Amino acid sequence: MPLTSKTAVVTGSTSGIGLAIARAFANQGCNLLINGLREVAAIEAERASIEKEFGVKVIYDRADMSKPEEIAAMIAHAQTTFGSVDILVNNAGIQFVSSIEDFPIEKWNQIIAINLSSAFHAMRAAIPGMKARGWGRIITTASAHSLVASPFKSAYVAAKHGVVGLTKAAALELATFGVTANCISPGYVWTPLVEKQIPDTMKARNMTREQVMHDVLLAAQPTKQFVTVEQVAALAVFLSSDAASQITGANISMDGGWTTA
Ligand code: NAD
């Protein structure tokens, strides 16, 4: 079945991976709800340009992924506007780096809320409609950190391991309803966030740009290449196709071999 008549909600889609996923679904003819916390004018420009480029309808909802009631209202917003939420992409995420003993409690709570609990609240609101229509796709951007840990990223690692468990439970609950739930686990993805770290690291470590990319950022990634946002988005589109209807409860790595080592 083509995705033309479908509606996709992509959280954290005002930049990076989420924006690429939103654009990829628009390219498939999906109507979209985009979400995220960038400046309003920049988001409006992005929203209008996706509509124009792909000829689909795009709405924006500024729901804060740390607020359960705003997440439920966001799903309702898409359902009221488009009649359904067929594809839910839980993508919003943040990072904070600190040792466990110094980790600020509010940062821990915020990361668990945004990177883990928001997926539960969005699923909780979207699943009844998916079950009633007998079709749905739930895709969550996890991370290589859903499979392995790094020091000083305790909240992120815990949350990313957590969404994989949540996804497995959802997959089993939804298995007979035509609804699949899967995670995509990228390694290092080339996003503006990563790019911005390069000049500072060059200075701090007295390294060239190439050294920073190869020896620091890609130290854990055997291919020594970044994943691209378009590659992650293409997998999300594939997981929404009929060809992927028997893939459910999976956590698919796209990490240049990082987690095989
Ligand atoms: P990004 O910072 O470019 O995008 C994050 C998005 O989440 C933005 O749109 C931001 O506005 C939104 N967001 C943050 N807090 C929010 C909140 N409280 N409410 C609503 N939206 C909020 O980062 P990215 O690299 O594109 O990351 C997207 C996802 O991919 C995250 O879940 C991240 O953990 C995961 N990921 C990224 C990488 C990488 O290397 N970039 C690797 C593995 C996994």
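What volume does the largest pocket have? In this predicted model, numbered from 1 along each chain as its sequence is written, local features need pLDDT of at least 70 and side-chain atom pairs count only at pLDDT 80 or more, whereas totals for chains, interfaces and linings use all residues. Side-chain values use heavy atoms, with hydrogens and water left out.

The largest pocket has a volume of about 1300 Å³. A pocket is here an open set of points on a 1 Å grid over the protein atoms alone, with protein on both sides within 12 Å along at least five of seven lines, and lining residues have an atom within 4 Å of a point. Grid points are joined across faces, edges and corners, and a volume is the space filled by probe spheres set on the points. The lining comprises 41 residues, and Gly93, Ile94, Gln95, Tyr156 and Leu193 lie nearest the pocket centre. Two or more lining residues come from each of H1, H4, H5 and helix H6 (192–205), helices being DSSP runs of H or I with at least four residues and strands runs of E with at least two, numbered from the N terminus. H6 gives the largest share, five residues. By class, 19 lining residues are nonpolar, 17 polar and five charged; Ala, Val, Leu, Ile, Met, Phe, Trp, Tyr, Cys and Pro count as nonpolar, Asp, Glu, Lys and Arg as charged, and the others, Gly among them, as polar.

The ligand sits in the largest pocket, meaning that more than half of its atoms lie within 2 Å of the pocket's grid points. Helix H1 (16–27) and helix H5 (154–174) each give two or more residues to the shell around the ligand. Of the 28 residues around the ligand, Thr14, Ser15, Ile17, Asn91 and Tyr156 come nearest (a residue is near if one of its heavy atoms lies within 4 Å). The shell holds 13 nonpolar, 13 polar and two charged residues. An oxygen atom of the ligand is 2.6 Å from a side-chain N or O atom of Ser15, and an oxygen atom of the ligand is likewise 2.6 Å from a side-chain N or O atom of Tyr156. For Lys160, the corresponding distance is 2.9 Å. The protein covers 89% of the 820 Å² of accessible area that the ligand has on its own (Shrake-Rupley method, 1.4 Å probe).

One cavity of 30 Å³ or more is found in the whole structure, a cavity being a set of points where a 1.4 Å probe fits but cannot get out. The largest cavity contains about 40 Å³ of space. Its lining includes Asn90, Asn91, Ala92 and Lys160. H4 provides the largest share of this lining, four residues.

Key
A polar contact is a pair of N or O atoms within 3.5 Å; within protein, one must be able to donate a hydrogen and the other to accept it, and residues adjacent in sequence count only if both atoms are side-chain atoms.
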